[in-house]
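Subject: Structure handover

Hello,

Please find the structure below, followed by notes on what was found in it.

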Amino acid sequence: MGINMNRNVKRDVFEKVVEGIFLLCALVGVISVIAIIVFVFYKGLRPFFGPDSYSFLDFISGTRWAPGQNVYGIFYMIVASVLATAGAIVIGVPIGVLTAVFIAEIAPKGAVKVIKPAVELLAGIPSVLYGAFGLGVIVPIIKEISPKVQGQSLLAVIIVLTIMILPTIVSLSESAIKSVPKSYREASLGLGASKVQTIFKAVLPAAKSGILSATVLGVGRAIGETMAVMMIAGNPTQGLPDSIWSMVRPLTTNIAMEMSYASGRQQEMLFATGVILFIFIMIVNLTLLKITRKAGEKS
């Protein structure tokens, strides 16, 4: 009896210790996020308060960035980030989903053994190599067909971001498609639908929640990408993009390009750019997550 009680006490203590470790691990993530948010917002909001404050309206509506002249406008950067992300999603999501459909539903096993590892390998390539590829291959091609003298442009950014988000969208979409019960396919085929009709009318609607989740992660990758975009965007100091041939300067590249040497007001404005980027990402992600949740409730 005493031995059993000792075993139970030891087991209870062990359980408590393990639960404490799990709780600590969970708190590390939460505390890290809170610390980052507090730090970025504290540093980023400082230039808009006090006797020497900068106009927040001028900051978010300006179309010129000239630290040497105390001019800080990021509206044209916000537009560039939105256009680049939207373009990558519009092109990348259909390609990614159709690739996932091919791998999960149509491709023979031999083709899957080649295509799937190739797609997964894309996820492991460093961002700087995507940028080098864009600068060495995509930019020269665009330069040949562009009405402008340079090849660094919004179009180059969209193409590279599309390639970069494909592994995420393909892998998660494939998992979502494969998780659809086999009975859905059998019921559709039993009613006389063709294989293609079954895929588009039965399988994809059932997997839409997972596909939308893949899109959310793809958006996060596209918005947050820095190094590759910085190499091919052109990064002008002013001006709204008027076409896909225009050079652009997304929010992320603005921070990365100047933070290493910035100080004083310029550094504070870069943190303020980070605040706007954070808010922008949160709005986009919350919107897409809400859409995903609704899609999951309907399916």
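In the unreviewed UniProt entry, the annotation "transmembrane region" covers residues 21-42, 74-107, 119-142, 154-172 and 269-289. UniProt positions are in the numbering used here, with feature names shortened, and such annotations may be inferred rather than shown by experiment.

This is a predicted model, in which local features need pLDDT of at least 70 and side-chain atom pairs count only at pLDDT 80 or more, while totals for chains, interfaces and linings use all residues. Residues are numbered from 1 along each chain as its sequence is written, and side-chain values use heavy atoms, with hydrogens and water left out.

Annotated spans

Residues 74-107 are 94% helix and 0% strand, with the end C-alpha atoms 46 Å apart. (Helices, H or I of at least four residues, and strands, E of at least two, are DSSP runs numbered from the N terminus.) For residues 119-142 the figures are 92% helix and 0% strand, and the end C-alpha atoms lie 25 Å apart. Over residues 78-288 the chain is 79% helix and 0% strand, and its end C-alpha atoms are 19 Å apart.

Helix pairs

Helix α3 (residues 75-106) and α6 have axes that come within 6 Å and cross at roughly 40°. Axes here are lines fitted to C-alpha atoms, for helices over the stretch in contact, and angles run from 0 to 180 degrees between N-to-C directions. The pair α3 and α6 is therefore oblique (under 35 degrees counts as roughly parallel, over 145 as roughly antiparallel, 65 to 115 as roughly perpendicular, and the rest as oblique). Residues in the contact of α3 with α6 divide into 22 nonpolar, six polar and three charged (Ala, Val, Leu, Ile, Met, Phe, Trp, Tyr, Cys and Pro count as nonpolar, Asp, Glu, Lys and Arg as charged, and the others, Gly among them, as polar).

For helix α5 (residues 127-145) and helix α6 (residues 154-178), the axes come within 10 Å and cross at roughly 135°. The pair α5 and α6 is therefore oblique, and its crossing is right-handed. On the α5 side the contact (heavy atoms within 4.5 Å) includes Tyr130, Phe133 and Ile142, and on the α6 side Leu155, Ile159 and Met164. By class, the contact of α5 with α6 has eleven nonpolar residues, two polar and no charged.

Single residues

Serine 153 sits in the loop between α5 and α6. With a relative accessible area of 1%, serine 153 is buried (buried is under 20%, exposed over 50%, partly exposed in between; 1.4 Å probe, protein chains only). Beyond its neighbours within four places in sequence, serine 153 is in contact with Ile142, Ile232, Ala233, Ile244, Trp245, Ser246 and Met247.

Threonine 237 is in the loop between α10 (227-232) and α11 (251-258), and at 44% relative accessibility it is partly exposed. Leaving out residues up to four places away in sequence, threonine 237 touches Thr63, Arg64, Trp65, Tyr76 and Arg249. Threonine 237 and tryptophan 65 are 172 residues apart in sequence, with 5.2 Å between their C-alpha atoms.

Leucine 27 belongs to helix α1 (residues 2-45) and is partly exposed at 37% relative accessibility. Its C-alpha atom is 27 Å from that of threonine 168, 141 residues apart along the chain.

Regards

Notes. Left-handed = near helix turned anticlockwise from the far one by under 90°.
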